[in-house]
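Hi there,

Here is the structure I promised to pass on. Have a look at it first, and my notes follow below.

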Amino acid sequence: MATYTYTPVPDQGAKAGVLAYLVISCVVLLLMMLFGLLMRMEQAQMISIGALWFYKIMTLHGAGMVGIVALAGAAIMWHFLRQYVDLSTGIFMANLILFLTGVVMILASVLLGDFHAAWTFLFPLPTTSMGMWSPGAAALFMGGLLVIGVGFVLLHLDIARAIISRYGGLGRGLGWPQLFGPDDGNAPPPAVVASTMVTIVNLIGLVVGASILVMMLINVYVPTFEIDPLLAKGMIYFFGHVFINAVIYMAVIAVYEILPRYTQRPWKANKVFLASWTASTIMVMFIFPHHLLMDYAYPKWFLIMGHIIGYLNTFPILIVTGYGAMMIVYRSGIRWDMCSRLLFVSLFGWAVGAMPAFIDGTITVNYVMHNTLWVPGHFHTYLLLGMVAMVFGFMYYLGKPNENAPDSALDVAAFWGFVIGTMGFTMSFLYSGKISAARRYAEHLPEWVPYDKIASYFAMLLIASVLVFIFRFLTRLGLASRDYQRASLARSMAT
Amino acid sequence: MQETAWQVSLVLMLMITFGVVFVAINSGKREEEYGPLVKRAYSFRTKLFWAVAFVFFPAMIYNLMSLPYSPKAAASSGPTQVINVTGHMWYWEMDRDQVEPNQPVDIRVTSADVNHGFGIYDPDLRLIAQAQAMPGYTNVIHITFPKEGTYRVLCMEYCGVAHHNMMTEIKVGKS
Ligand SMILES: [Cu+2]
């Protein structure tokens, strides 16, 4: 039986590379949020940019958001993981350079080449443009994604190498000896378990994603090289689902590492914890058919698997990670500051967003809700109020001037603006989905427009709040790299 | 169905909200001994696990009972009417656009170019059925239109710049 004592560890400052990742994340995230707002305002008929620009912006918003949250998640993972294993700074920076190269390629493809086949690039849309963009623009977009993917493959290979050399294998990184044998209390810390999981699933996901991208790139220039659209779709969603899910599993490391510092209670990698991460490792790879439920051509068992795993997947989120956070905060005497607030609310955002998500994975529900605004409704909830809240919580942590530094009223207002803005914005998405508003529409039917207007106002509130978060972080960059006590100690210990 | 999904989601989301607010309210006073607290929390978690499992598993199985992939047995009478649909950038080609109510209809959906989605909206603009339209594959929607009226068809899979204009109609009723 593990004992529950907390061993304090000093708060390490961020390496220059981590700060570079985070600053770029701030800039791109803000730009992509503004793109999102433009799309909502276009649907709300508050502005008029036209269908071509709507879909170009939609393509950038989708690809850009997936990419940038992955970058921010990687920064969190790398920052904490390197305190346990020996990671290569060179490869970390190489990933950033490849990422920026890919971003430039994608921007050029969309802004100069008019490419607008959405981030999903479903075959054969990229090569069937009806003259709207050139094969070169399609190749540039998919090439950009490929370059970004290669960077992440390098990063994960380095992480795999480091974990294997420190713990003796990826199974050991997941704590399998302690999970399947007696728990000797020597399981790797949660940060390592999570990084191992992310590395396993992302390496597989990225190889599948790169394969379909290469196939489609060949098809651009050699159209006789035929691709089965059903296979292409399966591969794209396998890659897309794994990659975007892995982002949350990277960012949650901030919660595992930082909340225990605030509560002086340990977040132990016990059997239940290890079992849930091993289960997540497997489920994340087999849940993707829930994107394909309306493709009846797939075998029935495959689609039913998506339905079932969608239900099972909520257990680790709710019962282990969500509950774990509640457990260490309950009667802890925690001091609420911007960091602890954002990290705490991030678990709420993740859990609460998982509810409409698994419901959408129910086949009979999907039949009338697939590709309605219900879908962006749920994933914006757990990405924005979940994953992105973790990122901002991490930024407030790095930049906190000292352990007792109070937050300004502006920051606290921004926190509530962020929570209310996000919930209002995602609930109007969900409600639009309930009344059958289709997603990815440049123009909405008159019946849908009122909810687009409501969503736009909440999105403005959310973006205004994020501006405060970003401004605060950028003014505190100097502090972020130093080593000192940041987390406020819980009440009875501090006094 | 949408109404149910919305209400169930709201209930579950509210329950999580209550849990989180409860913990936040009870976070201020510190209980120094974490061990006993963990013990209580774990035993509550076990109960929670089984409570969730007892709700989720039946719901999961129940929802697998009637899948849209095959026609509902004995749901309606009369001969099956067939509509053949091909999606094009950016219009729907249908070999008929008028069917009888309360009689089974098979809508055979495919595409001539890229992925589209065939979504059927009832006269109240509520989505009642859909299938993906993909080149090289035919997905069959088995449906019985319950009432007469004009049903709208919208494209449910992004297919390019005129995606949102890719609409047509199915008239249900006597010709
Ligand atoms: Cu379409």
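**What I found**

R440(A) sits in the loop that runs between α15 and α16 (449-475) of chain A. Please keep in mind throughout that this is a predicted model. R440(A) counts as buried, because its relative accessibility is 11% and the cut-off for buried is under 20%. Setting aside residues up to four places away in sequence, R440(A) touches Y55(A), M58(A), W119(A) and T120(A) in its own chain, and E157(B), Y158(B) and H163(B) across in chain B.

Which protein atoms are the donors of the copper ion? They are SG of C155(B), O of E157(B), SG of C159(B) and ND1 of H163(B), at 1.9 to 2.4 Å from the ion. Along the chain, the donors are spaced as C-x1-E-x1-C-x3-H, which may be handy when you have the sequence open. The site is tetrahedral, with angles of 91 to 124 degrees among its 4 donor atoms. As for accessibility, E157(B) is buried at a relative accessible area of 2%, and C159(B) is buried too, at 0%.

On the α15(A) side the contact is made by M423(A), M427(A), L430(A), Y431(A) and K434(A); α1(B) contributes Q2(B), E3(B), W6(B), L10(B) and M13(B). By type, the residues of this contact are 7 nonpolar, 1 polar and 2 charged.

One more residue to look at is I308(A), in helix α10 of chain A (residues 300-312). Is I308(A) buried or partly exposed? With a relative accessibility of 26%, I308(A) counts as partly exposed. Apart from neighbours within four places in sequence, I308(A) is in contact with M60(B) and L64(B). Within its own chain, I308(A) is 53 residues from G361(A) in sequence, while their C-alpha atoms are 8.5 Å apart in space.

Happy to go through any of this with you.

Best wishes

Notes: Residues numbered from 1 in each chain as written. Chains lettered and ligands numbered in written order. Predicted model: local features only at pLDDT ≥ 70, side-chain atom pairs only at ≥ 80, totals over all residues. Heavy atoms only, no water. Contact = heavy atoms within 4.5 Å. Helix = DSSP H or I, 4+ residues; strand = E, 2+ residues; numbered from the N terminus. Nonpolar A, V, L, I, M, F, W, Y, C, P; charged D, E, K, R; others polar. Donors = N, O, S within 2.8 Å, 3.2 Å for Na, K, Ca; no water. Tetrahedral: all angles 85-135°; square planar, octahedral: opposite > 155°, others 65-115°. Buried < 20%, exposed > 50% of the residue type's maximum accessible area, 1.4 Å probe, protein only.
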